[in-house]
Structure formats: structure tokens, C-alpha cells
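Me: Please set out how the descriptions of this model follow from their definitions.

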Amino acid sequence: MLRFGILSTAKIGRELVVPAIQDAENCVVTAIASRDITKARAMADRFSVPHAFGSYEEMLASDLIDAVYIPLPTSQHVEWTIKAADAGKHVLCEKPIALKASEIDALIEARDRNKVLVSEAYMVTYSPVWRKVRSLLAEGAIGRLRHVQGAFTYFNRDPANMRNVPELGGGGLPDIGVYPTISTRFVTGKEPVRVQANTDRDPEFGTDIYSSVRADFGDFELSFYISTQLAARQVMVFHGDKGFIEVKSPFNADRYGAEELELTNQNHAQSQIFRFQDSRQYRLEVEAFSKAALGEAEEIVALESSAANQKLIDAIYRASEKDGWEAV
């Protein structure tokens with residue numbers, strides 16, 4: 001069993017990841033850390049976790065844990081990932097693990113220096129929905145892939161929410177723009193070469209709130225839009241010359257609809273629906289991470305893939321400041 005310590009009492013940990021770890025077969029939450037010991041103890045009691053710490057440093061120094069899950073504000077991910085690795089702990093860090101691709105170099109160095117596992121928490125790459133999309137593309141179910149289309153939007157103008165605070169790493173591209181990019185790269189195994197983009201910022205917050213993106217992958221294009229101030233929507237479509245695949249609720253199936261995809265043939269005369277009821281993608285994520293940390297052969301999100309994904313996000317920001325194509 002891999003023993004996890006949770007670095008903060010953040011909402012995503014409380015509501016999604018800690019329950020997933022407690023439900024998993026090969027890992028367990030052993031400790032909760034917060035800068036407020038009262039909050040740490042309250043969360044520990046809620047999940048029957050035996051240990052609570054009043055500082056992150058104290059938990060990292062403890063031999064009660066083997067790994068940490070980091071759901072801190074984005075601007076703190078690099079700092080605490082390195083500190084955890086230097087403490088000899090494996091690290092599962094929420095996305096985005098960094099705000100610049102160049103920052104990930106230091107994470108790779110820390111990983112290699114300390115011989116620990118460090119991975120960015122992209123739960124979608126462990127989902128059976130996305131594994132099925134990858135296998136359908138590989139077997140030629142839609143023929144030659146020519147275009148990927150996607151959308152991910154929600155509405156949030158809460159000034160206290162970290163997604164609307166630039167100093168905490170807020171913005172639409174870091175929060176949700178990373179999903180169409182990581183999922184497309186995951187299922188195709190391809191990398192983009194250039195990108196065009198348009199991005200709008202909130203005049204009050206200063207964060208990016210809308211982006212429309214066109215990315216050239218050589219053999220196909222990815223076009224998507226994301227927004228933190230539009231009605232909620234999620235969709236991804238993979239279009240080939242023999243058919244197309246539509247992922248109905250690609251990223252947050254529990255909130256946006258059923259975990260399913262539909263494969264439609266060339267003349268729209270036949271379709272197949274693949275459903276994955278209660279796939280528990282967060283549980284699959286922590287179980288895969290734990291297997292890898294315990295020395296088993298397991299596919300996880302490597303930091304090298306994280307760097308490639310962030311290079312695309314960086315290029316989208318640059319492309320938004322100019323007309324025409326920007327190299328990734």
C-alpha cells in the first residue's frame with residue numbers, strides 16, 4: 001500500500017481525490033497537512049485519516065507517508081513538488097503542474113536527483129472512455145483522422161476563486177485549456193507543430209477568460225474553444241474520412257453527462273454507443289500512480305509529456321498576441 005499525505009485541504013482533494021484514494025485497492029491516505037492545524041484535523045477526522053499536521057514541512061519530514069498529493073493553487077505547484085521530491089516522496093500534483101514549460105525542467109531534475117515518481121494529475125488519461133478513443137483511432141475505426149474539435153466552458157466570476165486571481169495562476173487556459181490538448185495528444189500520440197489563437201481577458205481580474213485555438217498537428221488539425229465565462233459545455237469530436245467519434249462528456253462526466261462515446265460511420269447510417277458506467281477515473285488515476293511508485297510497470301503521465309503539453313499552452317498565449325501562426 002502506498003501511503004499518501006495530502007498537501008492542503010483544497011476542495012478537489014476533499015471532494016474527489018481523497019475519496020478516490022480511500023476507495024483504491026493499493027493506496028491509502030495516512031496524513032493531512034494544512035497551515036491551519038484545525039482544518040487539517042477536521043479533514044482527517046472526516047475521512048478517518050490517522051495523522052494531521054499543522055505545516056507542509058512537518059508532513060514532508062515524516063516517515064508516515066511515501067507520497068504526496070498536491071492540490072495547492074497553481075502558482076505553488078512547482079515549489080512544493082520540488083520540496084516533496086527533495087524529501088524523498090513520490091508526487092502526484094494537480095494540473096497544471098507549472099505555468100511555463102521551462103519550469104518543468106527543474107521538476108525533471110528533482111525527480112531524477114531523488115529517484116522518485118513525479119506525475120501531473122490528468123485523470124482523463126486513465127479513463128476507460130479515453131482509452132477506448134485511443135484504441136478506436138489506432139484500429140482505423142474512423143479512417144484517416146483529419147480534424148479534432150472541442151469545447152470546455154463554465155461560468156465563474158467569483159473574485160475570490162483562485163481561477164480568477166492571476167497571482168495564484170488563474171485563467172482559463174491553465175485551468176481547462178489543458179484538457180483538449182492533453183486528451184488529443186494522448187489518443188493520437190502526435191504533437192502540434194504550430195498554432196493560431198485568439199484570447200480575451202477579464203478587464204477586472206486580468207485573467208484569460210476565453211480562447212479560440214487552431215493547432216496544426218501535421219496530419220490533422222485540432223480546433224477548440226474554452227471559456228470561464230460561458231454557459232457550461234463539454235464536447236470532443238474526432239472526425240475522419242470513414243466516420244467520427246463524439247465524446248459526450250469528455251472531462252467531468254459526473255457533472256456534464258454520461259460517460260460515453262458514439263462512433264458514427266461515413267454516411268451516418270450506423271452508430272455505436274460505448275458506455276462506461278461509474279468508471280471512477282480519479283480512482284484509476286491514483287491506483288495507476290501507486291502501481292508505478294511501487295515499482296510496477298504502469299502507464300502514467302510523465303513529466304516529459306507535461307512539458308510538451310505546456311509548450312502548446314505557452315504557444316497559445318504567444319499566438320494570441322499576433323496574427324498568423326506561432327511555432328510550438
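Predicted model: local features only at pLDDT ≥ 70, side-chain atom pairs only at ≥ 80, totals over all residues.

Reply: Residues are numbered from 1 along each chain as its sequence is written, and side-chain values use heavy atoms, with hydrogens and water left out.

Me: What makes the radius of gyration of the chain agree with that of a compact globule?

Reply: The radius is taken over C-alpha atoms, and the globule rule is 2.2 Å times the number of residues to the power 0.38. For 328 residues the rule gives a value near 20 Å, and the chain has 20 Å, so the two agree. The C-alpha trace spans about 60 × 45 × 35 Å along its principal axes.

Me: Why is Lys132 called partly exposed?

Reply: Buried means under 20% relative accessible area, exposed means over 50%, and partly exposed lies in between (1.4 Å probe, protein chains only). Lys132 has 24% relative accessibility and therefore counts as partly exposed. Lys132 belongs to helix α6 (residues 128-138); helices are DSSP runs of H or I with at least four residues, strands are runs of E with at least two, and both are numbered from the N terminus.

Me: Which residues does Lys132 contact, leaving aside its neighbours within four places in sequence?

Reply: Contact means heavy atoms within 4.5 Å. On that criterion, Lys132 is in contact with Leu261, Phe274 and Phe276.

Me: How do you know that strand β5 is mostly covered?

Reply: Five of the five residues of β5 (residues 90-94) are buried. His90, Leu92 and Glu94 point one way, whereas Val91 and Cys93 point the other way. In a regular strand the side chains alternate between the two faces of the sheet.

Me: What makes β4 and β5 a pair?

Reply: Two strands pair if DSSP finds at least two bridges between them. Four bridges join β4 (residues 67-70) to β5, and the strands run parallel. Ala67 stands opposite His90 in β5.

Me: Why are β14 and β15 called edge strands?

Reply: The open sheet of nine strands has the order β14-β13-β12-β11-β7-β10-β9-β8-β15, with mixed pairing. Its edge strands, β14 (271-275) and β15 (326-327), each pair on one side only. Strands β7 (residues 145-155) and β10 (residues 221-227) pair in the parallel sense over seven bridges, with Ser223 in β10 as the bridge partner of Gln149.
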